[in-house]
Amino acid sequence: ILSTEIGGSAEAQVAVAPPGSAGNTGGDIYVTNAEHGQIDVFAPSGAFIASYADGGSPSFPCGVSVGPGGDVYIGDFSQGVYKVTPTAPGTFTPAANTPFPAAGACNVAAGYGSSAGSVFYSSVGHKAFKLDATTGALDYEVSAGNSAGGLSVDPATGHLVDADTLGPM
């Protein structure tokens with residue numbers, strides 16, 4: 001996941017779909033566009049494909065991550081964590097039970113390795129949480145410290161890494 005501030009206003013997060021992702025989307029690039037309330041989708045070549053905003057949801061997407069199978073998780077500051085499955089490049093089906101309740105969700109990280117089947121998010125309150133990636137049920141609070149930075153998961157070990165601490169949590 002890449003994270004950068006754009007124009008002094010909103011931070012953009014970037015995620016890339018792994019090879020073999022759902023809907024033939026391996027290599028597709030997802031970029032948060034909080035200013036317009038959408039996720040912008042680009043082909044591996046960098047060509048723009050589409051924007052995702054499901055009827056105004058998400059409203060303030062400030063985090064994006066892609067799981068091992070290609071499911072896309074969107075951290076929405078005002079609404080929680082959305083889970084969408086690509087059916088083709090730029091086309092998505094939202095999970096029936098999203099957004100997952102996640103107050104102040106922003107940065108998100110899909111689980112890999114031993115944490116596959118989970119999604120992590122950091123909140124405005126600077127805590128990180130682990131959710132079940134299918135149901136959205138809270139598994140546990142990962143950190144009581146400062147974890148407001150970008151979250152990532154080591155694909156080999158499944159360990160959550162916080163950019164603020166630059167190490168496993």
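The entries below run from the whole chain down to single residues.

**Overall.** I noted at the outset that this is a predicted model. I then looked up the secondary structure and found 0 helices and 16 strands. Of the 169 residues in the protein, 48% are buried. I took the accessible surface next, and it comes to about 7300 Å². Carbon and sulfur atoms hold 57% of that surface. For the contacts, I took those with a separation of 6 or more and found that 36% of them join residues 24 or more positions apart.

**Sheet.** I picked out an open sheet of 4 strands and read its order as S6-S7-S8-S9, with antiparallel pairing. S6 and S9 stand at the edges with a single partner strand each, so one side of each has no neighbour in the sheet. From one strand to the next, I found that the twist averages 35°. As background to the pairing, I kept in mind that strands of a sheet pair through backbone hydrogen bonds.

Strand S7 covers residues 72-76 and pairs with S6 in the antiparallel sense over 5 bridges.

**Disulfide.** I searched for cysteine pairs next, and the count came to 1 disulfide. It joins Cys62 to Cys106, with an S to S distance of 2.0 Å. I placed Cys62 in strand S6 (residues 61-66) and Cys106 in the loop between strand S9 (91-94) and strand S10 (108-110), so the pair ties together parts that are 44 residues apart in sequence. Are the two cysteines buried or exposed? I found both Cys62 and Cys106 buried.

**Gly111.** My last entry concerns a loop residue. Gly111 sits in the loop between S10 and strand S11 (118-122). I looked up its relative accessibility, which is 2%; the cut-off for buried is under 20%, so Gly111 counts as buried.

Which residues does Gly111 contact, leaving aside its neighbours within four places in sequence? I listed Pro68, Ala116, Gly117, Ser118, Val119, Phe120 and Val153. I followed up Pro68 from that list. Gly111 and Pro68 are 43 residues apart in sequence, while their C-alpha atoms are 7.8 Å apart in space.

Definitions and conventions: Residues are numbered from 1 along each chain as its sequence is written. This is a predicted model: local features need pLDDT of at least 70, side-chain atom pairs count only at pLDDT 80 or more; totals for chains, interfaces and linings use all residues. Side-chain values use heavy atoms; hydrogens and water are left out. A disulfide is a pair of cysteine sulfur atoms within 2.5 Å. Helices (H or I, at least four residues) and strands (E, at least two) are DSSP runs, numbered from the N terminus. Buried means under 20% relative accessible area, exposed over 50%, partly exposed in between (1.4 Å probe, protein chains only). Two strands pair if DSSP finds at least two bridges between them. Axes are lines fitted to C-alpha atoms, for helices over the stretch in contact, and angles run from 0 to 180 degrees between N-to-C directions. Contact means heavy atoms within 4.5 Å. Accessible areas come from the Shrake-Rupley method with a 1.4 Å probe; for residues, only the protein chains shown count as cover.
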